[in-house]
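Open your viewer and get ready to select residues as we go.

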Amino acid sequence: MKNFSVFSFNFPWKIQRRQSVPVWLNVLVRLLAVLLAFLVVGFFLKLGGINLFSLLQKAFKQILGNFYGVQQAIILATPLLMTGLSVALCMRMSLWNIGAEGQFLIGAFMATGVALNFNGPLPVMLVIIFLAGALGGLLWTLVPALVRTFWNVNEIITTLLLNFVAVFLVNYFAIGPWRDKTAPTLSATPRLPYELPTFGDTYLHIGIIIPIIAAILLALAFKSTKLGYEIRIIGTNRRVAEFAGMPVRERMLLVMLLSGAIAGIGGMIEVTGTVHRLSGLLSNNYGFLGIIVAALANGSPIAVIFTSILLALLLNAGIVLQAQGLSVNTVIAINGVILIFAAIGESITHYHLVRIEVPQKSVEANAQVLESECPGLPEKQVQYIKTESGK
Amino acid sequence: MNSVLMGVLVSAISAGTVIILAALGELLAERSGVQNLGLEGIIAMGAVTAILAESRIAPNPYIGLLIAILVGLILGAVFAFATVTFKANQVLCGLGMAFLGNGLSAKLGTSISGLPAPSTFETIRIPLLAEIPFIGNLLFNQSLLVYLAYFVFPPLVYFLLYQTRHGMHVRAVGDNPATADVCGIPVNKIRFIYTCVGGAFAGMSGAYITLAYTPSWVEGIAGGRGWIAIALVIFGAWKPLPVVFGALLFGGVTSLGFVGQLQDWAIPSAYLSMLPYLSTIALMIFPVLLKGKNLRRISASPAGLGQPYLREG
C-alpha cells in the first residue's frame, strides 16, 4: 500500500539528483552565468551612470580591431591559461589550489634569481630558468601539500595565506637586493638578460605555446593513462579509490606539487617572455582569475584554453578602459558575480524534476485491496475509507 | 622593555578585535554547516561602506557601524541565497564573494582612498576597572567594539551554542542535517539565518578596521584578515573561547611586526609583515602536531560542513 495516501495531497513531481550532467547543459549553464553576471553588474553600473555594454563594445573594438590588441589578448591569456590549468588539475581531485597567485610569483622569482645571477648560452639558460620556475611553484605548494595529504589540514587556507607571503617576499627582493639601481623609479629588478624568443616582428613569444602543450598533455593524461584514471576516481570518491588499493596519498601529493609547478612555470613565462622585470605587481591577479578560468571550464584542460581567452578579453577590457570608468577592480567584481552564478548554475544542473508515477486506482480497486489485506474490518470503516480515498 | 611589551599588547588587542569579530560570525555560520569563504570580501565591503557612510550621511562612527553591519548582512544573505537556497558549491561561491567584495570595495572607495575617517570610535573608560594597574588601562579604556569582541560576544556565542535548545539545533544542523530535518528542525532556515549573522559580524569587523584600527581606507585593507579568521576558526576547533585565544595570539604576532619597525630591528620589515600569515599557517598545523596520530581535534569540524542539504524523497 505504498502510494495509498488518504488525507495528504502529493505534488506529483520530486527533485532528484542526476547521475550525470550532459556536456551541452554544462556549457549552456556557464554561458548563461556569464551573461547574467553582466546583466546584473550592468544594471548596478547603470544606476551609477555607467553604461557597461557600450563601454565593453568600445573595448572589444579596441582590442580585436587590430593586430596589436589581439596580441595583447593572447599574451594576457597565457598566464591565465597556466594558472587555470594549475587550479583545474587540483579541481579534478576535489582539491583547491587557491595559491596559484603565490606559486606564480615564486616561479617568476626563482626564474629571475637564476637569470640575474648565472651566465650561460641562451638555450641552456632558458631550460635552467624554466626548471627554476617550476621548482619555485613546486616548493611553494610543498608545505600545504604535505600537511593536506598527511594531516588533512585545509589546503584552501594554507595555499591562500602563502599568496600574501609571496607578495611580500617578491616585493622585498624587487625593491631591495635585486633592485635596478639605474632606474630606481621602476621599483623592479633590472631587465632580465635572457628572454624567450619572439615570433618575427610581433610581441608573441614562444612562451604562449607552452600552456597549450601543457593543456593537451593534461587532457591526454586524464583520458588515457592510469595516473589520470586514478586522479579522476580519487576526485570523485576517495573511499572507493582507497578500497581499490590506489595510492591515494601519493597521488594527492603529486597532483598538488604538479599544480604548483604549472603555476610556477606560468610565472616564469610571464617574467621572461612578457614583462622582463620582476616586481611585486607582476601578477595581475592571474592566480585568482585562474580559479574562475578553471571553474568555468569545469576542470577540463581543453576547455581551460577557451575560458582563459574569454577572461583575458575581459581583463584587457578593464585595462583598456581604465580612463572611462571601467577598471581592473570592476572586472574582478564582475568575475566574482560570474563565479557565484556559475556555481548556482552548476548546482541546478545536478538536479532535475522527476514525475512521481502514482498508479491510479479506482475506488473499487482500493476497496478490494482493503478487503484482501484487512479482512474483518468493520463495515462502517470500510465505507469511510472508500469515500475518502475517492476524493 | 616594559614599553615595548605594552606596545605589543595594546596593538595586539586591536589587531585581535578585527579577527575575533569576523571569526565568531564565521564560527556560527560554520557550526550550522555553511563555510563562508567570502569573509575577506565582506570585511572589505564593511570597511569601505562604514567610512563612506560617515562621509556621506553623518560623521558618526555608530552610523558607519550600522551601515557596515547592514551591508554585511545583505552580502551574507546573497551568499546564503546561492549556497543554502540553490545548494551551490560553497567554495566557489565563497571565492566569488571574496572577488566581488574586493573588487567592488576598491571601486567604491576610490574617492576616499587614503583620507582619514571623519570620526572614529571614542574610547569608553570603565570606571574602577580601568584603575587596575597595568592591565586596567589596557583592557578597560577601549572602544565599544573591543569590549563587545572580548567580553560580550564570546560568552554570548558560547551560551547560545551550548546552553540553549536553539544552539543545540544549530549544532545538529551543522553535524547531521538529515537527522535534524527528521526531528523537525528547519535546516535551511537556520543555515540561512546564521550565514546572514556571519556576514553581519564580518561587516562589523570591517567597520572596526576603518573606524578604529587604521582609521582610513586604502585598497586591499582587509589584507587577508578574512582568511586568517577562517583559519583561526579551524585552529579553535569551532569553539568560541579558543578562537578568541587564537586571535589574541595572532594579534600579538602582528603587532610584533609594528613594534619591530618602530624599534628599528635588524630584520627587514617585509619579513615581519609575513609573520602573521606564516604564524597562522603554523597555528593551523599546530593542533595536529600536538595530538599526533589522534585525529580527534581535526574531526572536531562540523560533520556536515560545506555540504548543502536537500531533502530528497
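In which loop of chain A is A:Leu196 found? Select A:Leu196 and you land in the loop between α6 and α7 of chain A. Keep in mind throughout that this is a predicted model. With a relative accessibility of 6%, A:Leu196 counts as buried, because the cut-off for buried is under 20%.

**Along α7 of chain A**

Next, select residues 209-224 of chain A, which form helix α7. Colour A:Pro211, A:Ala214, A:Ala215, A:Leu218, A:Ala219 and A:Phe222, which are buried. They cover an arc of only 130 degrees around the axis, so they sit on the same side of α7(A). Turn to the face pointing away from that buried side and you will find the exposed residues A:Leu217, A:Lys223 and A:Ser224.

**Back to α2 of chain A**

Select residues 52-64 of chain A for helix α2. Its 13 residues should span 18 Å at 1.5 Å a residue, which agrees with the 18 Å between its end C-alpha atoms. Which residues of α2(A) are buried? Pick A:Leu52, A:Leu55, A:Leu56, A:Ala59 and A:Ile63. Looking down the axis of α2(A), you will see these buried residues fall within an arc of 95 degrees, so they line one face of the helix. The face turned away from them carries A:Gln57 and A:Lys61, both exposed. A helix has 3.6 residues a turn, so residues three or four places apart point the same way.

**Two loop residues with positive phi**

Go to A:Asn298, in the loop between α11 (286-296) and α12 (301-320) of chain A. Its phi is near 55 degrees, a positive value in a residue other than glycine. A:Asn298 has 36% relative accessibility and therefore counts as partly exposed.

Then jump to chain B and select B:Lys87, in the loop between α3 (61-85) and α4. Phi of B:Lys87 is also near 55 degrees, again positive in a residue that is not glycine. Is B:Lys87 buried or exposed? With a relative accessible area of 11%, B:Lys87 is buried.

**The second largest pocket**

Now show the second largest pocket, which holds about 1,500 Å³ of space. To centre your view, select A:Phe164, A:Val167, B:Glu219, B:Gly220 and B:Gly223, which lie nearest the pocket's centre among its 47 lining residues. Helices of chain A and chain B each supply at least two lining residues, including α6 (155-175) of chain A and α10 (225-235) of chain B. Which helix gives the most to this lining? Highlight α4(B), which contributes 7 residues. Colouring the lining by residue type gives 25 nonpolar, 18 polar and 4 charged residues.

**Last stop: cysteines**

Finally, show the cysteine sulfurs; the structure holds 0 disulfides over all chains. A:Cys90 has its nearest cysteine sulfur, that of B:Cys93, 20 Å away. A:Cys90 is buried, at 1% relative accessibility. For B:Cys196, the nearest cysteine sulfur is also that of B:Cys93, at 14 Å. B:Cys196 counts as buried too, at 11% relative accessibility.

Notes. Residues numbered from 1 in each chain as written. Chains lettered and ligands numbered in written order. Predicted model: local features only at pLDDT ≥ 70, side-chain atom pairs only at ≥ 80, totals over all residues. Heavy atoms only, no water. 1 Å grid on protein atoms, 1.4 Å probe; cavity = no way out; pocket = protein on both sides within 12 Å on 5 of 7 lines; lining within 4 Å. Points joined across faces, edges and corners; volume = space filled by probe spheres on them. Helix = DSSP H or I, 4+ residues; strand = E, 2+ residues; numbered from the N terminus. Nonpolar A, V, L, I, M, F, W, Y, C, P; charged D, E, K, R; others polar. Disulfide = S-S within 2.5 Å. Buried < 20%, exposed > 50% of the residue type's maximum accessible area, 1.4 Å probe, protein only. Expected span 1.5 Å × (residues − 1). Arc of directions from axis to C-beta.
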